[in-house]
Amino acid sequence: MENYAGIDVSLELSSVCVVDAQGKILKEAKVASEPDALVEFFERLGFAVKRIGLEAGPLSQWLHAGLKGAGFETVLLETRHVKAALSAMTVKTDRKDARGIAQLIRMGWLRPVHAKSVDAQEIRALLVARKQLLGLIDVELSIRGILRGFGLKVGPVTRKTFEVRIRELVVGQTTLERIATAMLSARAALKAEYGKLHKAVLAIVRDDAVCRRLMTVPGVGPLVAVTYKSAIDDPHRIAKSRAAGALFGLTPKKYQSGEKDVTGGITLAGDEIVRTALYEAANVLLSRITRFSRLKRWGMDVAKRRGLKRAKVALARKLAVILHRIWVDGTTYRWAEAGPIAA
């Protein structure tokens, strides 16, 4: 008889539930959220488990890798799908969540999530850390706000002249000098460490043939290329390139019931970082790149019909498709002559 297991992952202890093919609970337990502890639990059950499921989350990739490495068939479940499936429960506990996940695995009513490779996870961690260090901009805004309360206006400055301007404004005011010195030191440290991580990202792109080919698409720079590549990880997991837009929540919502048929905004499902990167690439293509291409002409035509904001979203979706096709085919973007477009 086939048996299935669901794991509700927590930081310290995870709830595990094992059911048979009819949905009867065979075993429930609290197990340490460690791959070795979970492997030992399933090996000591005394019967085989066909499939193990756990909701995608911060620890899930690590636990998934450990269980799969031990020979267990393990799947990651899409978070929104699990939340919707378990929303009917009036009482929510970790134990009931584990039961619900086990039943989803048993019925096969699941939406699996791709488990990224170690390399992709490391690049993603690097990108997230780099973004966090961009908080130096918030420090600059805080300094401006503090000085504004004393009638000291920084005015328009560049990144290089910002520190000089601040020190000029606080000269002779002991308390403000102390505050400015501390915050400027923090800004300098953040800027230096951010520069190191940014160079590390560029070094990865420089040595990656796929990223260099993705960068042949207008509007796509090093950050967009490496962000997209680390998110997709394995291009062959997407059967058709046109599905790439939906993967990152760039397709419209649809609600149809009886006589009601509503098409809404984009779903916003999937990886927000990739969605933002693709939108920024579309914005660059439409507003900064002067060289015309068939891609820009298409975006400008959409902008004339539906407005610039919708055009950027549509172009971001199209970029997701084109980047996937280029990756799979091993080709580069082919520019084509295009005449000027009327404003």
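Which residue takes a positive phi just after helix 4? In this predicted model, that residue is Gly-108, whose phi is about 75°.

**Helix 4**
- Helix 4 covers residues 94-107, and the 20 Å from the first C-alpha to the last of its 14 residues is close to the 20 Å expected at 1.5 Å a residue.
- Its buried residues are Asp-97, Ala-98, Gly-100, Ile-101, Ala-102, Leu-104 and Ile-105, and they pack against helix 3 (79-86) as well as strand 1 (3-8), strand 2 (13-20), strand 4 (51-55) and strand 5 (74-77).
- An α-helix has 3.6 residues a turn, so residues three or four places apart point the same way.

**Largest pocket**
- The largest pocket holds about 1,300 Å³ of space and is lined by 31 residues, with Glu-78, Val-113, Lys-116, Gly-270 and Asp-271 lying nearest its centre.
- Helix 3, which also packs against the buried residues of helix 4, gives the most to this lining, with four residues.
- At least two lining residues each come from helix 3, strand 6 (112-113), helix 5 (118-133), helix 11 (244-247) and helix 12 (272-287).
- By class, the lining comprises 13 nonpolar, nine polar and nine charged residues.

**Second largest pocket**
- The second largest pocket has a volume of about 450 Å³, and of the 18 residues that line it, Arg-130, Leu-223, Thr-227, Ala-277 and Glu-280 lie nearest its centre.
- Helix 12 gives the most to this lining, with seven residues, while helix 5 and helix 10 (222-232) each supply at least two.
- By class, the lining of the second largest pocket has nine nonpolar, four polar and five charged residues.

Note on methods
Residues numbered from 1 in each chain as written. Predicted model: local features only at pLDDT ≥ 70, side-chain atom pairs only at ≥ 80, totals over all residues. Heavy atoms only, no water. Expected span 1.5 Å × (residues − 1). Buried < 20%, exposed > 50% of the residue type's maximum accessible area, 1.4 Å probe, protein only. Contact = heavy atoms within 4.5 Å. 1 Å grid on protein atoms, 1.4 Å probe; cavity = no way out; pocket = protein on both sides within 12 Å on 5 of 7 lines; lining within 4 Å. Points joined across faces, edges and corners; volume = space filled by probe spheres on them. Nonpolar A, V, L, I, M, F, W, Y, C, P; charged D, E, K, R; others polar.
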